[in-house]
Amino acid sequence: MTDQGRLAGPLSTSVANLCRRLQPQVSARTAAGFAEVTRRLGAPLQVAVAGRIKSGKSTLVNALIGRRVAPTDVGECTRLVTRFQYGTVDRIEVVFTNGRKQVLPFAADGMIPAELGVDIAEVSHIEAYLTNAVLERMTVIDTPGLGSLDAASVSRTEELLGAAKGGEGSDELDETSRNAVAGAEAVLYVVTQGVRADDQQALAAFAAATASREAGPVNAIAVLNKADTIAPESVQGAGSDLWQAATILSEKQAALLKPRVADVLPVIGLIAESAEAGGFTSVDAEALRQLSTLDEATLETMLVAADIFTSWDCEIPAGTRLRLLERLDLYGVRQAVEAIRAQPEITAGGLRRVLLEASGLAALRARLNVVFAARADGIKAAAALASVTALAHASGDPAERQRVHDAIEVLLAKPEAHQLRLLEALTVVVAGAVDMPEDLAEEVLRVGSNADIGAQLGMPGGAREELAAHALERAGWWRSFASFGATPAQSRVAHVVHRAYFLIWQQLRENRG
Ligand SMILES: Nc1nc2c(ncn2[C@@H]2O[C@H](COP(=O)(O)OP(=O)(O)O)[C@@H](O)[C@H]2O)c(=O)[nH]1
Ligand SMILES: [Mg+2]
């Protein structure tokens, strides 16, 4: 099988094998669905960027990809779902609802054209193939967002997130299978200062659509975007520190979204995009340098509000100031000017790094790597199993359903399937659904959130013998905790953790040579 090498891990491999084995034993339609499931298992993790309209999703997508390619603000495209995936040649395709595809030229500025020149009512979504390396590890899906006035874009988003009511049990199996496999596997949820009821609903729908086994927060993280627009004085305990205020607000949002997302990270998508996607140039750096020579009082006045900043009478052309504002907004301008004043020799490149640092993007990337990449095997396999189950369920043939069901039972008993249980345990611990002493909760998190054994054991780079001894010791500890001293809820988690350690120990022994 050609994509075997790209499967996310042992569990994904087992699910792919299951699909392949069952294919000759099921109806042609179910088999076609299985083929699609297998194809998706071999593809990079599908991460949807979701959230309300104008929360800055497309801006953040550009920052993550490292290229300003998704139109922001206005235009038809902001009302469509766009999938950014890896390709060896840059190419954009419009996919119509009837399945037809049409290649689209990039706009002069290298972006997806804001107006497509086709009947948008007939468009399903846009596929963008880009050479950017980030996309080799994840496919990023930009969504139009909820809370828009335009019902069509809302339904396109809901469909993608799996919230649309599918025709379950209907004869339209092709439609069903498409729905079953079309959903994203992980979601990056963009919120701004207020979390609303429909934010929660969308997340709940996503979790229900993607997790056959309650994967929950494991496949969703959130960002508190536009952190630069927070007024620190309005946040208790923040003093005048914007980042402190953003962190406090993020923690509050995390508490609100808790059973749904693992984490809420503050970011400034706009600054991240400018710093990372080529928007910030040496021309901007020069303009900032000029600004930094203004006297303190003048600059302070200008930085009070956007309209004052652009309309104030000063020698830097208004157009240049507008451009700075568009790329950095007032907070970014202030950060850059402060950096120049602290370090007058700073280069345009140095300034770009300062801005990137100020944007919080690095922390988001790191988190995406841990939360999604390390768990991609479990997340992808869980999503695939959900699809397989849905496909079998939709088949009118009880014998076929039973055959698939039995095969899944066998698969779930395999050692590699244990990570699904570990993900569940992780979920209840992170969500606070089971009371755990803090050090134990952290240990569960560490074992469940890392792909590398050394990191799982909290001994990165440790020698094999040492790791094995530690794994065995912890396995024993969790087993006795499960039997004595634990509440029933704790005990269920403890059994899972015990087995995780046991499997790690076994793996270390097997690989001894
Ligand atoms: N101040 C500020 N503005 C932002 C930020 N991120 C995005 N924006 C602006 O918010 C507007 C909407 O952004 P867009 O990415 O199109 O939002 P979407 O509808 O969620 O895709 C644009 O004008 C962006 O420049 C941010 O972090 N800070
Ligand atoms: Mg958008």
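This is a predicted model: local features need pLDDT of at least 70, side-chain atom pairs count only at pLDDT 80 or more; totals for chains, interfaces and linings use all residues.

Colleague: What does the protein chain contain overall?

Modeller: The chain has 22 helices and nine strands. Of its 513 residues, 52% count as buried. Its accessible surface comes to about 22,800 Å², and carbon and sulfur atoms account for 52% of that surface. Among contacts with a separation of 6 or more, 74% are between residues 24 or more positions apart.

Colleague: Why is Ser-395 called buried?

Modeller: Buried means under 20% relative accessible area. Ser-395 has 7%, so the label buried applies. The residue sits in the loop between helix H16 (376-394) and helix H17 (398-412). Leaving aside residues up to four places away in sequence, Ser-395 touches Thr-30, Glu-400 and Arg-401.

Colleague: What makes E3 and E4 a strand pair?

Modeller: Pairing needs at least two bridges between the strands. Strand E3 (residues 91-96) and strand E4 (residues 101-104) are joined by four bridges, and they run antiparallel. In one of these, Val-94 is partnered with Gln-102 in E4. The two strands form a hairpin with four residues between them. In the turn, Gly-99 has a positive phi of about 95 degrees.

Colleague: Which residues come nearest to ligand 1?

Modeller: There are 18 residues around ligand 1, and Lys-54, Lys-57, Thr-59, Asp-73 and Asp-329 come nearest. By class, the shell divides into three nonpolar, eight polar and seven charged residues. Helix H3 (57-65) and helix H9 (269-276) each supply at least two residues of the shell. The largest share, three residues, comes from H3.

Colleague: How do you know that Asp-329 has a polar contact with ligand 1?

Modeller: The cut-off for a pair of N or O atoms is 3.5 Å. A polar side-chain atom of Asp-329 is 2.7 Å from a nitrogen atom of ligand 1, within that cut-off. The same test covers Lys-226, with a polar side-chain atom 3.0 Å from an oxygen atom of ligand 1. For Lys-54 a polar backbone atom is involved, 2.8 Å from an oxygen atom of the ligand. Taken alone, ligand 1 exposes 590 Å², and the protein buries 89% of that.

Colleague: Why is Lys-226 called partly exposed?

Modeller: Partly exposed is the range between the buried limit, under 20%, and the exposed limit, over 50%. Lys-226 has a relative accessible area of 33%, and is therefore partly exposed. This residue lies in the loop between strand E8 (220-224) and helix H8 (242-257).

Colleague: What makes Asp-329 partly exposed?

Modeller: Its relative accessible area is 25%, so Asp-329 falls in that range too. Asp-329 belongs to helix H13 (residues 318-342). Only the protein chains are counted as cover in these residue areas.

Key:
Residues are numbered from 1 along each chain as its sequence is written. Chains are lettered from A and ligands numbered from 1 in the order in which they are written. Side-chain values use heavy atoms; hydrogens and water are left out. A residue is near a molecule or strand if one of its heavy atoms lies within 4 Å of it. A polar contact is a pair of N or O atoms within 3.5 Å; within protein, one must be able to donate a hydrogen and the other to accept it, and residues adjacent in sequence count only if both atoms are side-chain atoms. Accessible areas come from the Shrake-Rupley method with a 1.4 Å probe; for residues, only the protein chains shown count as cover. Ala, Val, Leu, Ile, Met, Phe, Trp, Tyr, Cys and Pro count as nonpolar, Asp, Glu, Lys and Arg as charged, and the others, Gly among them, as polar. Buried means under 20% relative accessible area, exposed over 50%, partly exposed in between (1.4 Å probe, protein chains only). Contact means heavy atoms within 4.5 Å.
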